[in-house]
Structure formats: C-alpha cells, structure tokens
Amino acid sequence: MQIVFLLKNSNWILFLFIFLSHTMVAQGTLTKPSIFDLLGGKGLRETTLKLNMQEMESKRKSVANFPGVLSFTDSLGQSSTWKVDLVVRGKFRRMTCGFPPLEIQFPKIQLTEAGLAKHRDYKLVTHCLLDEAQSDQIILREHLVYKMYNLITSNSLRTQLLRISYVDVNDKHANKLTRYAILIEDEDELGDRLKAVDCGDCRVIGSAEMPVDQENLMAVFQYFIGNTDWSVTGRRNVKVYKPKEGGLMIPVPYDFDWSGFVDAPYAVPTAALKKTDVRQRVFQGFPATKETIDKTIALLEQKQNMLFQLIDDDAFLEKQVKNNLKKYLQSFYNRDAAKIPHSSK
C-alpha cells in the first residue's frame, strides 16, 4: 500500500510511520492519525483559542456555529494553527455556566491535506464557574474520572487536558482568559476503535440489549464515583455503540461533573433517588447476579493501586485534595461495594 503524506517535514513523516506501524487493525489495514493524536499526549497541552465572545453568548440557545482559530504546539513540538468552527453545546451547562461548553469542528479539507483521519468533531469541556480556583478543581477532577475509566476498560473515550488561553477578537487589548479544559475525542473515532457505530436511534429497554458484564462494569463504576446523573434507557450521558459485525450494544459513559468524586458546587442530590448528598452512592444499573457484581468489584479491587497512583501522579491537584479523593474512593472498597443489590437469577 502506498501512503501519500502531504506534509513534507521529516518529523511528520516519522510520526506517521511510527503511528501507523502501531495501529494495525482487522484484515491488515492501517489507520491514519487524527487531529486528536496531535493534540493528545501525556500531561498538559497549552493552546490558544481566538473567538468572538459576544457571538458565543448569542449562540447559547442555538446550534449555529461561529468561527474560531485554535493554535497549539503539537505532540511533535510543531506549531499548528487551525481555522475551526465552534458550536455551543450541552444542556445544563450551556445555559447556567459562566462560560459554556463548546464543540470544536475542524475543516475536512485541511484534515485531508494534512494526511489526517476524517474525524473532526471534538467536545470541549470548559470551565463552568467564573471563580478560577473552583473551575480548575472541577475540570481537573472530571478529567481524572475519564482517565480512571480508561484504566478500567478500553470501551471509553480518550481525553486530553488543555490549558486554553481564550482571546476575544473584539478586545483591542488582547486580554486572555486562561483556564483548564478537557478535550474529548470524536465519538466516531471511538467507534472506529470499537469497530462499532454510534447507535443514537437504538432503543435500550433492559439488560438484554448489551453484554451483562460491560453494562455492570459501567454501572458499578458510576456507583464507585458517586454518579447518578446518567441513564442507559433514557440515554442520558451514555453513548451506545452497535458492533459493525453484529452483536450486543456497548455502553460508554461521559459527563461526570455531578458525581460525588467531582463534587461540583452547582451539583445537587438527585431527589428522585432520595439522595441527600451529592457524594451519596445509589446504584442505578440493571439487575445482575451476585457472581457478576463480585467479578466487577474484584476488577476494581485489582485496579485500586493503579487508580490511586493515577490520583497521586496528578501534577495539578494539591496533596490534601488527592488524599480526600482517595478517601472517598476508599469508602467504596470499605463500605459501599457490599451494598450493591443483586438479583437471584
């Protein structure tokens, strides 16, 4: 197979070669790197996003896009600037947050010319609160949740922690608002890895539509982090993927800011579940046997040291915050894991 890569820089060619040589997929075909691969990597990615703040505010109640310019130093150390479209997204956060969450849409032509994959739609979890310290805490904790789920299962969305300097094109003084943000990979990109398609129209009525072990793993993890802001049947904060070759659907969760682990100041207990505290755990998964639940708990116990090490290795959270997060998770192992209800069948 002949590979034509339009960027002439030797570093780019080396990157492509290394990337492709490690991404063999079914039937001997190879995948292209995506824009996420250029933005992704260990640690923090510094970026600049130029946009019209006034236009962003005017688009809070619509799905209309507006222009922006994203600049960053990529994973190879190369400066990269992209003209992008921005869309205000979300439900609760788009209307209540001081700065709404966005979707970044990269131009298909530029992606093709750069020899990159077609994936172009990336969610950006922005800071919600105007208070910098509080908004940073929420983003850093939610990013940890995504990383923890990555450690537990490959049926999960990749994320990249960004430090974005927002520049309002209408500001003559070019003042910058700099905050943490989470970039979430294109959902079709995850589908390619899973060899599945986003099944947005599929109905999920019960456990018969998806593998019992995978649904239970997701549900127990949500319980583990104290999250009840999700529903498979109601398709709330859970994506469902249908394998291309047939089979049961694969659940993939997202949006964890209302979890007890993140403990966002704006999160409130779910009254319908009789919660009195955001950090209170309530199990919402489908009924499963004790054997299935015990197997899932055993996996979380096996991963405990890795999960705690992930928290310890975070370079941006204070030690006391890390200790409190580990203490909260430890309460699952010591107390709440045994409270998960199980069926007799």
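## Reading rings and helices in a predicted model

Lys123 lies over the face of Tyr254, 4.4 Å from the ring centre.

User: Nice start! Which other charged residue sits over a ring?

Analyst: Arg163 does: its charged end is over the ring of Tyr180, at 4.3 Å from the centre. Keep in mind that this is a predicted model.

User: What average pLDDT does the chain have?

Analyst: The average is 89, and 91% of the residues score at least 70. Two stretches call for care. Over residues 1-14 the pLDDT stays under 50, and the model has 21 contacts for them beyond four places in sequence. Residues 16-30 are also below 50, with 21 contacts beyond near neighbours in sequence.

User: Back to rings, then. How is a pair of aromatic rings described?

Analyst: You give the distance of the centres and the angle of the planes. In this model the count comes to 17 aromatic pairs. Take Phe92 and Tyr266: their centres are 5.6 Å apart with 35° between the planes, and the pair is tilted.

User: Where in the chain do Phe92 and Tyr266 lie?

Analyst: Phe92 belongs to helix α4 (residues 92-96), while Tyr266 is in the loop between β10 (250-253) and α9 (290-302). They are 174 residues apart, so this pair links distant parts of the chain. Phe92 counts as partly exposed because its relative accessibility is 34%. Tyr266, at 14%, is buried.

User: Why is the pair of Phe221 and Phe256 edge-to-face?

Analyst: Look at the angle: the planes stand at 80°, with the ring centres 6.5 Å apart, so the pair is edge-to-face. Phe221 lies in helix α8 (residues 212-224) and Phe256 in the loop between β10 and α9, so the pair ties together parts 35 residues apart in sequence.

User: Are Phe221 and Phe256 buried or exposed?

Analyst: Both Phe221 and Phe256 are buried. They also belong to one aromatic cluster, whose members include Tyr146, Tyr149, Phe308 and Phe332.

User: Now a helix, please. What should the 16 residues of α11 span?

Analyst: At 1.5 Å a residue, helix α11 (residues 319-334) should span 22 Å. Its end C-alpha atoms are 22 Å apart, which agrees.

User: Which way do residues three or four places apart point in an α-helix?

Analyst: They point the same way, because an α-helix has 3.6 residues a turn. With that idea in mind, look at the buried residues of α11, among them Val321, Leu325, Tyr328, Leu329 and Phe332.

User: What covers the buried residues of α11?

Analyst: The cover includes α6 (132-152), α8, α9 and α10 (304-312).

Note on methods. Residues are numbered from 1 along each chain as its sequence is written. This is a predicted model: local features need pLDDT of at least 70, side-chain atom pairs count only at pLDDT 80 or more; totals for chains, interfaces and linings use all residues. Side-chain values use heavy atoms; hydrogens and water are left out. pLDDT is the predictor's confidence in each residue, from 0 to 100. Contact means heavy atoms within 4.5 Å. Rings of Phe, Tyr and Trp (its six-membered ring) pair if their centres lie within 6.5 Å; planes under 30 degrees apart count as stacked, over 60 as edge-to-face and the rest as tilted. Helices (H or I, at least four residues) and strands (E, at least two) are DSSP runs, numbered from the N terminus. Buried means under 20% relative accessible area, exposed over 50%, partly exposed in between (1.4 Å probe, protein chains only). A charge sits over a ring if NZ of Lys or CZ of Arg is within 6 Å of the ring centre and within 35 degrees of the ring normal. The expected span of a helix is 1.5 Å times one less than its number of residues.
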